[in-house]
Amino acid sequence: MSLKAIVKSVISGDTLVLRGRTGPQGQSPKERILHLADVVAPRMGNLTREDEPWAFESRDFLRALAVGKEISFTSTHSFPSNEDVTRDLGTAEIGGVDVASEMLKNGWAKLKESKRDPTEDDIQKRDIEAEAKAAGKGLWNSHGPQARVVHQTMPTDSQAFVSEWKGKAIDALVEQVRDGSTLRLRLFMPDGEHQIVNIALAGVRCARTSPRQGEPSEPWAEEAKFFTESRLLQRSVRVIILSLPTSTATPFQAGANSAPPPPASIFIGTVLHPAGNVAEHLVAAGLARVVDWHAGMLAAGGGMERLRASEKVAKEKRACLYANVPTASASITQSNGTTNGNARIFDGTVIRVWSGDQISVIDKESGKERRLQLSSTKGPKLSDPKQAYYAQEAREFLRKRLIGKHVKVTVDFIRPRDGEYEERECATVRYGNQISNVAEQLVEKGLASVVRHRRDDEDRSSDYDKLMAAEQVAVAETRGIHSGKEQPAVKPPVNISESGARATTFVNGFKRQGKISAVVDYVASGSRFKLFLPRDNQSLTLVLNGIRAPRTARNPSERSEPFGQEAADFATRRYMQRDVEFEVDTVDKSGGFIGTLWLKSENVAISLVKEGLASVHSFSADSLSWSTLLYAAEAEAKQAQKNLWENYDEEAEKAAQALPAEDDPGRLKSEYLDVIISDVRAENGFSFSVQILNTEGIATLEKLMRDFSLHHRVAHPAPSNFTPKAGDLVSAKFSDGSWYRARIRRTSSVKKEAEVTFIDYGNQDTVSFSNIRPLDPKFRSLPGQAQDARLSFVRLVASESEYHADAVQRFRQLCEGRKLVANIDYKEGATLHLRLIDPNDPVATQDPLACINADLLREGLASIDRKGCKYIGAYPHIMSKLQTAVAEAKRDRAGMFEFGDVEEDE
């Protein structure tokens, strides 16, 4: 009885493997082996033997004739078999043509010797064979078979083979299908040799079939194998070898010194049939999954995109392997295009780079700051010494490309909170005219790696395949973290603002340089910045000159001044991590440099004032060449009632400035002077003397003292009739052995000594008559350069207080012998009432009302002198400042408030 089957494959020129059709439930069909009766063909070789002559050509003729076609066959004899495959001897026809006769006709088989009496069919076949022999066809070719070498094993030098043939199309024949995505092929090399190789289909993986009979295969494995077999087995194909089966290298692994890899047992490649790429069809049928890390191999030709398209089709159909695929999380991407209430796709500006994979972006639409993690990207860790160099490089790469730039953001998913890691939006960030994916550039530079997601994890970058392709480029070129090189440890920048003494040594050098390039590393407040100088690996603190920005809280227990946080936020968003330039004017006592900051041509101080987030500090601003721009910016902010000036009343200010003199008899116009405290006196009440610097008198005094010293090198005995009297101007010898100009305060004829005041320094002493001389007339013309003074608005604690000595000592520490700035608030005869300002105090550069007077109040070492300072009502703004200082002293139980409120009730 004639049976029908499909020819699955051909073992040799006389043996075929047949299969039935698929079962009703899609079961794989049963197979049987058919040996053609009465003919014999050469045997193909294997690992233990070579091909017999003409074996390949014989088999190939039958392969081309029969594979994939329906065949009618008759079994004349069945062989016993230990395997689950039926083995028959018989005849076969394809399209009415006897297969054995066709093989004899073309000379690719020979008749067997038969001991039975020949039948008519036997005679006919012998005639066919005789014709082929006479014609020299096939096996009867007188020139013999073509000499060729068949390599039955994988190439010994796998890497060299891949390097030579990578990306080149090679003609091949599929010899075996091990599973849906693993094939054994015969490559037809250009030199005529045959190379047997194992190929894993690039970009996909099918379920594995069981290697042992009786053991179950993975789900859908048999179906996938049949799918590939029925289309590719013993078909002519073209193979493109792409890679060895090594996944992307682990960053920071050993590089050039590692041992050479062993010979590979399989290559990764693409198998192309005239009908298309079987990998894409496997995925579309739901019989294979996409292999993410193959993206780099397939990205150039769009292969990965086509696989993803096929994957999408399979998921939509929920076919086979994708039957239970999870849907995208509704909490991540809602139908209205938002993620947890925020836009999923938005435009924004990058204001900060936190690390090599995290940035902050201001949403253009909402104005909200959103901290983003680059999707599927993992940057090097700064805390790991091996990665620290690359972590800094990655951060700088992002800073240079993104900071202050417009970007387009697509939130791919939200990473939920996990332990110490907060919930984070993970996004693809694009920038520039080319809409470049910055994560892709980062990975391609070898400055980040790609996260390996679980197979069923849909939370990944929308450009995941491109990221994988970029990583493969970085690995192939041994860039960055894939280089295997150990980079030197990152040296922390030298903080030259560590102390005032250290900072001072740099001031003159900075002044000579003019504008200096830097990067804003941190914004402490609206007017205080930490700058990094890359060229010298130095950092410093810069305080903006000419303005005062409201303070921000330094810890949770403090409160920011009004608009302090807004000023800091404005400065952070606008200047953080920007390339800037700065100039230095001076330095404060804490080591902060005071100067000007520019972002390109923008003066940062003027911008803050214009936004109403800082006010002009008159004392420091008046000395600046661009002070008129500052005042104009402040006037503009006042007019617009911005921020600090939201309650500004121009009419009220004009009225306050126009108060008549009789209503404000004690108030003087601000007059800032450079002074030095030349003497401090605690006896008979507290007082001190000052010299006013930068005046003609001081310059003249220096010359006078030189001449005075020369004059007294020659002994000038006092006239015999000279007796010092109170009020006389004299030359008196001080305890240091030098002579100075002095005025007699009182004398004692009994003790023959006098109390004198040294008129150029203000200090007092008791000097014997023998050390006093009449003052030569040529030294009388210059008035005394020391002026008596007292503190405006305040007095030190009374002499009977146990804190009096501390107060005097503290004043000496803050003032004595130091160059200060003073404002004359009142003149009481020859005594000046002074508000003393330390120009090196960073607070004073920011707060025009900050002064040593208030500092003494804040430390509980002074009190407001309402009785002695009748003019105090003329300075309400200063009075408010002083009252705040007293309140702070009481709160902190400082000085005389140590045991409670002991201030006099005035």
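A search of the whole structure finds 22 aromatic pairs. Here rings of Phe, Tyr and Trp (its six-membered ring) pair if their centres lie within 6.5 Å; planes under 30 degrees apart are stacked, over 60 edge-to-face, and the rest tilted. The model is predicted: local features need pLDDT of at least 70, side-chain atom pairs count only at pLDDT 80 or more, and totals for chains, interfaces and linings use all residues. Residues are numbered from 1 along each chain as its sequence is written, and side-chain values use heavy atoms, with hydrogens and water left out.

**Stop 1: two ring pairs**

Select F56 and F188. Their ring centres are 5.8 Å apart and their planes stand at 65°, so this pair is edge-to-face. F56 sits in helix α1 (residues 55–66) and F188 in strand β11 (residues 182–188), 132 residues apart. Helices (H or I, at least four residues) and strands (E, at least two) are DSSP runs, numbered from the N terminus. Is F56 buried or exposed? F56 is buried, at 8% relative accessible area. F188 is partly exposed, at 26%. The cut-offs: buried is under 20% relative accessible area, exposed is over 50%, and partly exposed is in between (1.4 Å probe, protein chains only).

Now select F686 and F811. This aromatic pair is edge-to-face too, with 5.0 Å centre to centre and 85° between the planes. F686 lies in the loop between β37 (672–681) and β38 (687–692), and F811 in helix α19 (residues 804–815), so the pair ties together parts 125 residues apart in sequence. F686 is partly exposed at 23%. F811 is buried at 0%.

**Stop 2: a cluster and two lysines**

Select F506, F510, F582 and F593. These residues form one aromatic cluster. Next, pick K515 and W598. K515 lies over the face of W598, 4.1 Å from the ring centre. Then try K638, which lies over the face of W645 at 4.9 Å from the ring centre. A charge sits over a ring if NZ of Lys or CZ of Arg is within 6 Å of the ring centre and within 35 degrees of the ring normal.

**Stop 3: helix α4**

Select residues 158–165, helix α4. Which residues are buried here? They are S158, F161, V162 and W165. These four cover an arc of only 95° around the axis, which puts them on the same side of α4. The arc is that of the directions from the helix axis to the C-beta atoms. Show what covers them: β10 (169–179), β11, β12 (194–201), β14 (236–243) and β15 (267–273) are included. Just after α4, G167 takes a positive phi of about 80°.

**Stop 4: the cores**

The largest nonpolar core has 78 residues, and L185 and F267 have the most contacts inside it. Such a core is a set of buried Ala, Val, Leu, Ile, Met, Phe, Trp, Tyr and Cys residues joined through side-chain atoms within 4.5 Å. Select F267. Leaving aside neighbours within four places in sequence, F267 is in contact (heavy atoms within 4.5 Å) with residues including M154, S158, F161, V162 and I241. A second, separate core of 51 residues includes F811, L857, C869 and I878.

**Stop 5: two positive phi values**

Most residues other than glycine have a negative phi. Select R318, in the loop between α8 (303–317) and β18 (338–339). R318 has a positive phi of about 50°, and is partly exposed at 38%. Finish at K600, in the loop between β34 (593–599) and β35 (602–603). Phi of K600 is near 55°. K600 is exposed, at 74% relative accessibility.
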